[in-house]
Each structure stands twice: as C-alpha cells, then as structure tokens.
Amino acid sequence: MLGAIATAFYVPYARQAPEGPRGSTAVGLGFGVAAAALMAFEWLLNARKRVPTWNLGKAETWLKGHIWLGLLAVPLALFHSGFHLRGTLAAALMIVFVVVILSGVFGLVLQQFLPRLMSLAAPGETIYEQIPHVIETLRLDAYEAVAAVCGALAEAEGERAESEAIQSDPRRARQVLGRRPAAAPAEGSAPLRRFYLETVRPFLMGDGRHGPLADARQAERLAQGLLRLLPPVLHDAAGDLIAIAAERRDYAVQARLHRWLHGWILLHVPLAAALLVLLVAHAVLALRYTY
Ligand code: HEM
Ligand code: HEM
C-alpha cells in the first residue's frame, strides 16, 4: 500500500518536473530520505538480537517487517534517482543496494526450502553440530561389521584401536555396534575385506563427496557386484557396509545444505554494512555539491 501511495506521488511529479525527476528536487529528496530511513530500519533486526533486554515483539514479526520494508525501499530509491545513475558514488550505492536486496530474497527462499530438504536428506533429525561425531561412529561401525566376519584388520589400525578402546570401556560401549572381531576370516570373505579397505574406508575418512560411493547409483552398482562375489551368509555384513556408506552420503548432503542456509548471510550483512557507509557518503557529498 505504501508502495502504491509512493507511486501515486511519483507519476505526476515525474511528468511535471522541468528537468525530469531528480534526486535534488524536493520530492526526489523526500524519496531519498525515506529510502535511507528504511535502510537504517533494516539494521534494527541486528540491533534487536544484540540487545537482549529489548523486549520488542516476536522475531517473526521483525523478520516480516524487515522483508516488506526492505522491499519498499526499492521503489523509493528508484523514484529518488528518477531511474538514472549519474555519478560514480550514486551508481555504486544503487548497485550495492540491489545486491543486498537480491541476496535477502535469495536467503529468504533458502530459508523456506532448505530445512525441508535437510530433513529429507538426513531423516534422523541429527543436529548439525553432532554430525562429526556421528560420522566417527559410522567409521567404527563399518570396521566392526567387517572385522566380525573377516577378523581384526591390521590395515585399519586406527579404527581397530578405537573400537577396542570403546568396547573395553563400559561407559562408552553403547556408542558402537559392539561386534567382536572373528577369530579367523569366514570362508569367501576376502572380497568383503577388499571392498572395505579399498572403497568404504577411504570414503568414510573423506568428506563424503568423493569416490565411487559418493554417488548413490554407482554405490548401488558396486553393491550388486559385491553381493555376487560373496556367499549368502556374508550378504548381511555387506548390506551393513552399504547402508553405512549411504548414511555418510546423507550427512554430506545435509552439511552442504547447512552451509548454504547460513552462508548467504555472509554476503547479505557485509554488503548491508557497505551500503550504510556509501549512503552516508552519498548523502553528504550530494547535498554539499548540489546546493
Ligand atoms: C536495504 C535493505 C536491507 C538491509 C540493509 C538488510 C540488512 C540485514 C541485516 C543487517 C541482517 C542481519 C540481522 C542479524 O543480525 O541477524 C539481515 C538479515 C536478513 N535479511 Fe536483510 N536487509 C535488507 C533487505 C532484505 C530483504 C529485501 C530481504 C528479503 C526479501 C531480507 C532478508 C533477510 C533475512 C531472511 C535475514 C535473516 C534473518 C534471520 O534469519 O535471522 N533482507 N538483513
Ligand atoms: C539521506 C538520504 C539521501 C539524500 C540526502 C540524497 C541526496 C541526493 C541528491 C541531492 C542527489 C542529486 C544529485 C544530482 O542531481 O547530481 C541524489 C542523487 C542520487 N541518489 Fe541520493 N540521496 C539520499 C539517498 C539515496 C538512496 C537511499 C539511494 C539509493 C540506494 C540514492 C541514490 C541516488 C542516485 C542513484 C542518484 C543519482 C540520480 C541521477 O543520476 O540523477 N540516494 N541523491
């Protein structure tokens, strides 16, 4: 509504102004000051968080105000400039402003869609901060699943030592599956051992985005190939490895979504700060040189 009222002011003014609509006319200046006031208001979202004793309404209401009044600043700034970009500083101000608005819209869209995607990617509702710990546990689970049929694996020294340490500590024993290593390798288990050491273990030690197991379809093909090489009694152990790799993949997706969800603000906020600096410089210089 405020945007419509501003437009109703702008159209006759733009038609009648002798030199066209400019930032220096009384009406033009009015639009500029109003846009600047809104930009200053946009920072209250940050101030509200920093001063916890300000008990001024719900965060949701503030965000709504932030979004709508931020968008209202767009027509006001354009009406102020009369849709022109004369002068380097004024042009820089306008460009930074547009990027701040676009980044805000982008972030808002991410905030709407990513949380849902994230719960699809990692159904366990794992808290982001716990993901590194969960991944560590997956690494040990994979080791134990293989060692339970192939015997302790000297090549996976780290996992072996960690698994033994946890299993011998009653307070931590529930962290892992708790399967004991077989005394001797089961018959026909060599392909499982090789698959673990060459494919699964490197994948679990990495960031979950590289190697054949990073891709669900390729992982499925590898799983089918592995099962064909194994006697049926070992299919469960192979299935465990495949399921662990799938879970690791889900966490990699979730971590990536989480970075997007919080990363955009690193563009939005510093540019919003630059916007304030440019705005003050523009207002001071434009007023000084125009009048
Ligand atoms: C001149 C325009 C704007 C300025 C100066 C500005 C500035 C800021 C600042 C300083 C923050 C950080 C608040 C904090 O500390 O958490 C913020 C957050 C945010 N802004 Fe803007 N903003 C502007 C326009 C917009 C627009 C147009 C949108 C959306 C359409 C938007 C969406 C957001 C969102 C979603 C957040 C994150 C809020 C949260 O999740 O805590 N902003 N903005
Ligand atoms: C306190 C607030 C503001 C004041 C006092 C102010 C002042 C002025 C003045 C006096 C001019 C005329 C300069 C000339 O004709 O050579 C001008 C032009 C301009 N202003 Fe502002 N301004 C303000 C806010 C803004 C804001 C918020 C924006 C946009 C984000 C903006 C963007 C521009 C642009 C792009 C022009 C150049 C328009 C053209 O090419 O004629 N100004 N401003």
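The shell around ligand 1 draws at least two residues from each of α2 (26–42), α3 (44–50), α4 (59–81), α5 (88–121) and α11 (265–290). Helices here are DSSP runs of H or I with at least four residues, numbered from the N terminus. This is a predicted model, where local features need pLDDT of at least 70, side-chain atom pairs count only at pLDDT 80 or more, and totals for chains, interfaces and linings use all residues. Residues are numbered from 1 along each chain as its sequence is written, while chains are lettered from A and ligands numbered from 1 in the order in which they are written.

Staying with ligand 1, α5 gives the largest share of the shell, 7 residues. There are 23 residues around ligand 1, and Glu42, Asn46, Gly70, Gly104 and Ala272 come nearest; a residue counts as near if its C-beta atom, placed from the backbone, lies within 6 Å of the molecule. By class, the shell has 14 nonpolar, 7 polar and 2 charged residues. Nonpolar covers Ala, Val, Leu, Ile, Met, Phe, Trp, Tyr, Cys and Pro, charged covers Asp, Glu, Lys and Arg, and the others, Gly among them, are polar.

On to the domains. The assignment, which is automatic or from a database, gives domain 1 (2–122 + 264–290) and domain 2 (128–262). Their C-alpha centres lie 51 Å apart. The contact between them takes 9 residues from domain 1 and 9 residues from domain 2, with contact meaning C-beta atoms, placed from the backbone, within 7 Å. On the domain 1 side, α5 provides the largest share, 6 residues. That side has 8 nonpolar, 1 polar and no charged residues.

Last, the cores. A nonpolar core is a set of buried Ala, Val, Leu, Ile, Met, Phe, Trp, Tyr and Cys residues joined through C-beta atoms within 7 Å, and buried means 20 or more other C-beta atoms within 10 Å of the residue's own. Which residues touch the most other members of the largest core? Among its 24 residues they are Ala142, Val146, Leu192, Val200, Ala237 and Leu241. Two or more residues come from each of α6 (131–150), α8 (190–205), α9 (216–229) and α10 (235–263), and α6 has the largest share, 8 residues. A second, separate core of 13 residues includes Tyr10, Phe31, Phe79 and Leu275.

How values were computed
Contact = placed C-beta atoms within 7 Å. Buried ≥ 20, exposed ≤ 12 C-beta atoms within 10 Å, placed from the backbone.
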